[in-house]
Amino acid sequence: MLISGRVLVGSGTYLEGGAVLVTGDSITAVGPRAQIIEQAGADTPHVEFSGAILPGLIDAHVHLVFDGGAEPVSVLQASTDETLLRDMRDRAKQLLFSGVTTARDLGDRDGLVLRLASEIAGGRTPGPHIVSAGTPLTTVGGHTHFLGGEVSGEAEIRELVRRNVSAGAGVIKAMVTGGGLTKDGPKSYESQFSPAELAAIVDEAHKAGVPVAAHAHGADGIAASVEAGVDTIEHCTWMTSTGLDLRQDVLMRIIEQGITVCPAVSPHWRMLPRFFSEERAAAMFGLVQQMAEAGVHLIAGTDAGVQRAGFDGLVPALSFYSHLGPPNSTIIDMATTQAAAALGLAGTTGRIAPGYRADILLVEGDPLNDLGALGAIRAVYAAGVRHEPGAVNGEQ
């Protein structure tokens with residue numbers, strides 16, 4: 001039983017003097033302290049503290065096979081699968097100890113993330129619950145071709161989607177445009193798949209009941225993703241060969257079709273003006289603000305694993321949205337309830353409510369007043385198992 005000064009029970013809503021009863025891996029009751037103590041029994045072991053209880057955080061865009069260093073692709077290519085898996089276990093712990101209890105991994109090599117997810121689910125390795133895309137689909141020589149997902153034509157596309165789903169993938173990742181991580185591939189604004197190929201990806205995934213996440217920097221690729229009916233758009237930076245171009249007609253369709261956007265903001269977003277320019281960085285930030293103000297569903301993700309994006313950066317990345325102006329309650333929703341819904345986990349995690357998995361974050365302070373309080377972690381519960389980041393091996 002967890003007893004606290006405040007329990008976040010809804011968007012921007014605290015239950016003051018509340019308590020949460022956990023049984024096994026689930027939340028079984030939430031309510032006023034006296035009520036929950038009476039229900040559980042006075043002899044039930046409990047943890048009492050003065051901070052806040054809230055849902056565990058969700059990082060909706062990570063890549064556990066990459067190390068977050070200066071040359072993540074080179075490190076990947078020089079590593080055996082067993083070496084990668086060993087390092088990925090450490091990265092999963094970093095996510096967990098930073099408050100992330102669910103992560104969506106959007107592309108790995110040789111099914112390693114699926115192996116890691118099985119270890120975590122079986123209690124053999126500490127880490128967040130992982131929704132894995134398995135091998136991301138790309139064109140021959142396309143973005144992240146080194147992960148093994150090159151396909152040509154609809155038959156190969158459908159076969160790889162089926163293999164990923166059969167292996168346990170909970171999402172299908174399509175590299176709709178190029179990206180900076182692949183130095184010998186298409187430019188970030190350039191499209192990779194034909195409309196018919198994108199339609200085949202979505203059709204095959206949806207027949208299996210699995211959503212599609214589209215990596216799309218280019219404005220043309222974003223428009224094509226919307227036309228194909230993807231479920232989430234990653235990055236969504238509206239790039240063209242000459243600049244940025246947010247297309248209002250496409251934006252309206254994103255909203256109408258209920259497509260969620262994950263901007264995948266780097267924890268070091270404040271450094272972007274150094275790599276682009278003050279003017280271009282401000283324009284990129286402004287596009288995210290325009291999407292938010294138009295009513296696009298945004299969720300939080302960090303692209304952890306790529307250059308300069310470590311696995312403890314979700315809370316620093318959330319500060320980007322504070323910079324844009326929405327209230328802290330909205331930002332927390334982006335990393336909890338809204339992210340859970342986008343990942344197909346709306347009835348499983350992302351809320352402090354009976355019947356939900358006991359993915360719980362205990363923090364000092366009041367994150368609705370100061371978002372930085374999310375970094376003052378007292379303990380993390382993942383499926384009911386308590387972890388203390390500062391303890392030996394991170395567990396108690």
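**Close-up views of a predicted model**

**View 1. A salt bridge joins R158 and E204.** R158 forms a salt bridge with E204, with the closest N and O atoms 2.7 Å apart. A salt bridge here is a side-chain nitrogen of Lys or Arg within 4 Å of a carboxyl oxygen of Asp or Glu. R158 lies in helix α5 (residues 154-167) and E204 in helix α6 (residues 195-207), so the pair ties together parts that are 46 residues apart in sequence. Helices (H or I, at least four residues) and strands (E, at least two) are DSSP runs, numbered from the N terminus. E204 is buried, at 8% relative accessible area. Buried means under 20% relative accessible area, exposed over 50%, and partly exposed in between (1.4 Å probe, protein chains only). R158 and E204 also belong to a network of salt bridges that includes E159, R162, R163, D203 and K207.

The model is predicted: local features need pLDDT of at least 70, side-chain atom pairs count only at pLDDT 80 or more, and totals for chains, interfaces and linings use all residues. Residues are numbered from 1 along each chain as its sequence is written, and side-chain values use heavy atoms, with hydrogens and water left out.

**View 2. R33 pairs with E48.** The count of salt bridges comes to 21. In one of them, between R33 and E48, the closest N and O atoms are 2.4 Å apart. R33 sits in helix α1 (residues 33-40) and E48 in strand β5 (residues 47-55), so the pair ties together parts 15 residues apart in sequence. R33 is partly exposed, at 36% relative accessibility. E48 is partly exposed too, at 40%.

**View 3. D220 pairs with R247.** The closest N and O atoms of this salt bridge are 2.6 Å apart. D220 is in helix α7, and R247 is in the loop between β11 (232-239) and α8 (248-256). The two residues are 27 residues apart. D220 is partly exposed at 46% relative accessibility. R247 is partly exposed at 24%.

**View 4. The largest nonpolar core has 90 residues.** A nonpolar core is a set of buried Ala, Val, Leu, Ile, Met, Phe, Trp, Tyr and Cys residues joined through side-chain atoms within 4.5 Å. I233, W238 and I254 have the most contacts inside this core. Helix α3 (residues 81-97) gives the most to this core, with seven residues. Another core, of 15 residues, lies apart from it; V171, A339, A342 and L345 are among its members.

**View 5. Helix α3 and its cover.** Buried residues of α3 include L84, L85, M88 and R91. Elements covering the buried residues include β6 (57-62), α2 (72-77) and β7 (100-105). The 17 residues of α3 should span 24 Å at 1.5 Å a residue, and its end C-alpha atoms are 24 Å apart, which agrees. The expected span is 1.5 Å times one less than the number of residues. Just after α3, G99 takes a positive phi of about 100°.

**View 6. I222 in helix α7.** I222 lies in helix α7 (residues 219-228). I222 is buried, at 0% relative accessibility. Leaving out residues up to four places away in sequence, I222 touches, among others, I233, W238 and I254. Contact means heavy atoms within 4.5 Å.

View 7. Six bridges join strand β3 (residues 18-23) to strand β4 (residues 26-32), and the strands run antiparallel. Strands pair if DSSP finds at least two bridges between them. L21 stands opposite A29 in β4. Two residues separate the strands of the hairpin, and G24 in the turn has a positive phi of about 65°.
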